[in-house]
Amino acid sequence: MPKYPHLKADFTASLVVFLVALPLCVGVAVASGVPAELGLVTGIVGGVVTGLMRGSSLQVSGPAAGLTVLVYEAVDEFGLPVLGVVVLATGLLQIAMGALRLGRYFRAISVSVVEGMLAGIGLVLIAGQMYAVLSAKAPESGLGKIAGLPGALLDAAGSTRALASLALGVGTVAVLVLWKHLPRQARVVPGPLAAVGLATAAALVLDAPVATVEVNGLLGAIQPPSAAAFGELAGLSLLGTIVAFTLIASAESLFSAAAVDRMHDGPRTSYDKELLAQGAGNTVCGLLGALPMTAVIVRSAANVQAGARTKASRVLHGVWLLLFAALLPDVLAYIPLPALAGVLVHAGAKLIPVRALVELWREHRGEALILIVTAVSIVAVSMFEGVLVGIALSVVKTAWDASHVRLEVIDKGAGPVQAHLSGNATFLRLPKILGSLEALPQDRPVELNLSGLHHLDHACRTALESWAQRHSHAGTEPVKVTAK
């Protein structure tokens, strides 16, 4: 029996994942406002460092479109030298959470909140990258990006440069959409690579007046955080950014792991070990001043579908990225920016769960509203606040659903009126409880039975005592209360 029985399958899968990852690593870096090489650095670390560690055996890590908006905002506010500090702190927090076995608790986050988060990211990503497609400068805010698109399209109509850029971007999206409908033999080349390759060839042949990727060299792009950058940790805004990076990167990685587990029959993911692996990768990325990483579902799905059997495939894909960055970095300078923007527009659209939202609206309207409000909040305010709004709504909805209470009134026409409360009496149900009690006859004694309650919170207890006192003052006998 051979020592490495799955080497051939893993080798082939690693090449496929490398070809999928290459344009995405570069595109995410450019969209994040950092040198293109830093996207490759994160992809290399995601393959070689995180790939070697235990956790999820087949999912692939690297720079993710889901963090693009957050990274861009962080770089814009704090500067590129501070990005390494943020990513380093994120990695250390993830390692701590993995060591404390907190990975499993991320599965308690409402799926609606996570899908709303991804939808909000997708909307902002699409809007922002459309300006790159139009060779225009994007507004700062999410709402500004969306509101300014009609004007940007009108301005592009009178510019040869903008029209050429728009043609390449639209063509890239069209190739990505149509690629899955081509014969299987043609789809040997991954869609993102084919789309970017065709756009690059078209730009060269037609000598299109479009912007291309700036190349600084791998070593020139790496900027380890300085001592001055660590001084920014004293600011509360930077600490909030670190928390946002940690929560979103961890949630996206672990939800990706759950999705990848459904694609294959191999070993299941150990969530705590996967969080440790992600933390180790982000720690190294932070020390190199690179982008943050998460597990990425597009690359992971390509890995599984290409027949990968062990983690060797994801490690090898990192090796291929390293060899490309070391030997062929000048190739990046030929890639048109609107083509990369088109790849990310397509990736952003896939983050918006339109079909799932329609089904959710039919069956669980409350969850659909949480998804929508989370997405809108991210677009209107920011990533971190939007996720907090979604989590808060999810908690309120859960509390509301759990606080079912029933009031049964027995009035035999003579003697005291008997009122039986059952279920869970919380402050969320106070209006209903008090409305029903205040509708009872004011000139009759009342016997209030609370023995059927599973839970009675302080707010409800206080309100019931106050109602009983008011009812007594109305001239009737004191309310008789049978406690739990």
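The charged side chains of the protein comprise 33 positive and 30 negative groups. The centres of these two sets lie 10 Å apart. These values, like those below, come from a predicted model.

Some of the negative charge is gathered on the surface. Glu 73, Asp 76, Glu 77 and Glu 140 form a negative patch there. Of these residues, Glu 77 belongs to helix H3, which covers residues 68-78. The relative accessible area of Glu 77 is 52%. Glu 77 therefore counts as exposed, since the cut-off is over 50%.

Opposite charges also meet. Side chains of opposite charge can pair when their charged atoms come close. Two salt bridges are present in the structure. One joins Glu 367 to Lys 397, with an N to O distance of 3.4 Å. Glu 367 sits in helix H17 (residues 365-380), and Lys 397 sits in helix H18 (residues 383-402). The pair therefore ties together parts that are 30 residues apart in sequence. Lys 397 is partly exposed, at 24% relative accessibility.

Another salt bridge links Arg 470 and Glu 438, at 3.0 Å from N to O. Arg 470 is found in helix H20 (residues 458-473), whereas Glu 438 is found in helix H19 (residues 430-438). Here the parts tied together are 32 residues apart in sequence. Both partners are partly exposed: Arg 470 has a relative accessibility of 42%, and Glu 438 has one of 43%.

The surface also carries a nonpolar patch. Leu 323, Leu 327, Leu 328 and Val 331 make up this patch, which spans about 370 Å². Leu 323 lies in helix H14, formed by residues 312-327. With a relative accessibility of 41%, Leu 323 counts as partly exposed.

The overall fold contains 20 helices and six strands. Along the principal axes, the C-alpha atoms fill a box of roughly 95 × 65 × 55 Å. The protein has 484 residues, of which 49% count as buried. Contacts across the sequence were also examined. Among contacts with a separation of 6 or more, 80% involve residues 24 or more positions apart.

Note on methods: Residues numbered from 1 in each chain as written. Predicted model: local features only at pLDDT ≥ 70, side-chain atom pairs only at ≥ 80, totals over all residues. Heavy atoms only, no water. Patch = residues over 30% accessible without salt bridge, like charges linked within 9 Å, V, L, I, M, F, W, Y side chains within 5 Å. Areas by Shrake-Rupley, 256 points an atom, 1.4 Å probe, with all protein chains shown as cover. Salt bridge = Lys/Arg side-chain N within 4 Å of Asp/Glu carboxyl O. Lys, Arg positive; Asp, Glu negative; His and termini not counted. Charge placed at Lys NZ, Arg CZ, Asp CG, Glu CD. Helix = DSSP H or I, 4+ residues; strand = E, 2+ residues; numbered from the N terminus. Buried < 20%, exposed > 50% of the residue type's maximum accessible area, 1.4 Å probe, protein only. Contact = heavy atoms within 4.5 Å.
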